[in-house]
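Hi,

Here is the structure I promised to pass on to you. Have a look at it first, and then read on for what was found in it.

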Amino acid sequence: MPRAMYLTDADDVPTREEPVFRFLDAYAPLFYYHHRYFLISGGRAGGKTYNTVAYCIYKLFDSEYSRIVIARYTQKSIKSSIYRDILDLLEKFGLMGFIRFEGEDICNIQNGNRIMTHSFKVTDKSATAKSKGISNPTLLLIDEAIEIPSEEEFIKLSDSFRSKDGHTQIILLFNPESKAHWIYKRWYLNGRPNPKWFDDHCFIHTTYKDNAHNLDPLKVKEWERMRDIDPKYYSKHILGDWQEIAEGAIFDNWQPGWDPPAEAKRVIGIDFGFSNDPTAIVDVRIKNNRMWIKELFYGKSMTNQDLAEILHNNGITRADAIIADSAEPKSIEELRRLGFNIRGATKGPDSVRSGISKLLAKEVYVHADSKHIWNEFENYRWQQGINKPIDDYNHAMDAIRYALSGETSGQYVVMGGLR
């Protein structure tokens with residue numbers, strides 16, 4: 001059986017024909033420590049996925065019993081995510097001849113160890129998938145852990161992944177987002193790992209600086225130039241820092257998540273744009289005081305015919321209520337003639353603050369992949385000194401408000417039929 005060599009940057013390369021993986025020094029604890037929890041985060045090209053995948057392959061070929069579960073919360077199939085990275089590294093190491101596939105499971109034919117995949121949400125509408133079908137796991141790797149909607153969901157997940165035969169590791173792999181996220185609130189303090197967890201938690205965070213010797217120097221120079229051109233972009237996307245909620249932020253408690261019940265009311269909100277401003281289309285589900293939001297489209301230069309195609313492609317029919325910016329009656333009429341149940345939002349002299357008040361009264365969950373909504377969430381704020389929001393970072397926010405404009409006392413007014 002092949003024995004992969006795992007070296008830090010300080011080690012000399014052995015002169016033997018065996019697969020060699022040189023991990024970054026920062027990831028040595030992953031290979032040598034025995035903590036139950038590892039929180040692995042990073043910025044662009046920090047090597048977190050590559051090094052973590054290599055660890056999983058190391059465990060696959062370890063002499064000890066290993067059942068490695070690769071999981072993601074919202075994705076229908078894990079095969080298009082980190083699973084592809086595992087296959088690529090197996091091929092790079094020349095190890096494909098030592099494994100077989102059983103469905104999506106990757107099995108070592110010589111020691112019986114295996115890597116299994118697990119999607120917690122089989123479909124967007126399904127209940128959380130059960131973990132009881134996975135027997136005696138030794139390692140759970142949660143890819144894109146930022147998608148887990150709540151601390152409660154994580155605790156249930158953690159409690160379900162315990163092996164009767166011994167120690168089980170849990171690895172959370174993620175890109176840091178807003179400090180409003182429950183992961184930050186649970187495990188971090190003042191932008192750094194909270195020391196109270198150090199007994200059985202290991203925190204690893206790497207950036208391109210840790211991995212620069214493996215990167216194109218011109219690309220590194222380009223990223224470092226962003227430090228002066230756009231410090232916020234550099235901090236968030238290049239360094240992977242946790243982001244402060246903007247001073248005067250209007251919303252500060254939205255959570256990632258998309259698991260609306262089947263009976264939730266569905267309303268589509270549209271804020272029209274074209275050349276200067278983007279068009280934003282959002283899918284909003286509401287049940288009682290809870291609300292789920294997903295970005296369907298956010299972009300410029302789209303005609304109404306283009307928007308109709310986007311709506312059709314997202315499964316929106318005349319049965320779905322659409323509320324759009326009433327300042328665009330021509331666009332509303334064109335979409336109505338194209339077969340959609342659409343009307344203008346109810347506006348008034350104080351409709352913006354009224355809509356914001358409705359949102360503030362909701363328990364709001366936003367699909368983790370709705371990047372433009374999250375960007376507006378982090379930047380939409382009150383103007384200094386007055387009770388009025390800035391006229392920026394508000395395109396998706398306006399579309400969400402429009403979707404709520406039909407709500408009266410927790411219910412929705414009856415929408416007019418197609419003309």
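Arg 192 counts as exposed because its relative accessibility is 60%; exposed means over 50% relative accessible area, buried means under 20%, and partly exposed is in between (1.4 Å probe, protein chains only). Arg 192 belongs to strand β11. Helices (H or I, at least four residues) and strands (E, at least two) are DSSP runs, numbered from the N terminus. Along the chain Arg 192 and Trp 242 are 50 residues apart, while their C-alpha atoms are separated by 9.0 Å.

Before you go further, please keep in mind that this is a predicted model, in which local features need pLDDT of at least 70 and side-chain atom pairs count only at pLDDT 80 or more, whereas totals for chains, interfaces and linings use all residues. Residues are numbered from 1 along each chain as its sequence is written, and side-chain values use heavy atoms, with hydrogens and water left out.

Now the overall picture. The protein has 12 helices and 21 strands. Of its 419 residues, 53% are buried. Contact here means heavy atoms within 4.5 Å. If you take the contacts between residues at least 6 apart in sequence, 67% of them join residues at least 24 apart.

Next, two asparagines in loops. Asn 190 sits in the loop between β10 (188-189) and β11 (192-193). Although Asn 190 is not a glycine, it has a positive phi of about 55 degrees. With 69% relative accessibility, Asn 190 counts as exposed. Asn 288 is in the loop between β15 (279-287) and β16 (290-299). Its phi is also positive, near 55 degrees, in a residue other than glycine. Asn 288 has a relative accessibility of 60%, so it counts as exposed.

Is Glu 244 buried or exposed? It counts as exposed, because its relative accessibility is 55%. The side chain of Glu 244 makes a polar contact of 2.4 Å with the side chain of Lys 179. A polar contact is a pair of N or O atoms within 3.5 Å; within protein, one must be able to donate a hydrogen and the other to accept it, and residues adjacent in sequence count only if both atoms are side-chain atoms. Glu 244 and Glu 177 are 67 residues apart along the chain, with 9.1 Å between their C-alpha atoms.

Now for some buried residues in helices. Ile 82 is part of helix α3 (residues 82-92), and at 1% relative accessibility Ile 82 counts as buried. Which residues is Ile 82 in contact with, leaving aside its neighbours within four places in sequence? They are Thr 49, Val 53, Ile 70, Leu 141, Asp 143 and Leu 173. From Ile 82 to Tyr 50 it is 32 residues in sequence and 9.4 Å in space, C-alpha to C-alpha.

Lys 59 lies in helix α2 (residues 48-60). Its relative accessibility is 18%, so Lys 59 counts as buried. Not counting residues up to four places away in sequence, Lys 59 touches Ser 66, Ile 68 and Asn 113.

Asn 304 is in helix α8 (residues 304-313) and counts as buried at 12% relative accessibility. Beyond residues up to four places away in sequence, Asn 304 touches Phe 272, Ser 331, Glu 334, Leu 335 and Leu 338. With Ser 331 there is a side-chain to side-chain polar contact of 3.3 Å.

Then there is a pair of helices to look at. The axes of α10 (residues 351-360) and α12 (residues 395-404) come within 9 Å and cross at roughly 80 degrees. That makes α10 roughly perpendicular to α12. Axes are lines fitted to C-alpha atoms, for helices over the stretch in contact, and angles run from 0 to 180 degrees between N-to-C directions; under 35 degrees counts as roughly parallel, over 145 as roughly antiparallel, 65 to 115 as roughly perpendicular and the rest as oblique. Ser 351, Val 352, Gly 355, Ile 356, Lys 358 and Leu 359 in α10 meet Ile 400, Arg 401 and Leu 404 in α12.

Last, the cysteines. Zero disulfides (pairs of cysteine sulfur atoms within 2.5 Å) turn up in a search of the whole structure. Cys 56 is buried, with a relative accessible area of 0%, and Cys 202 is buried at 8%.

Happy exploring!
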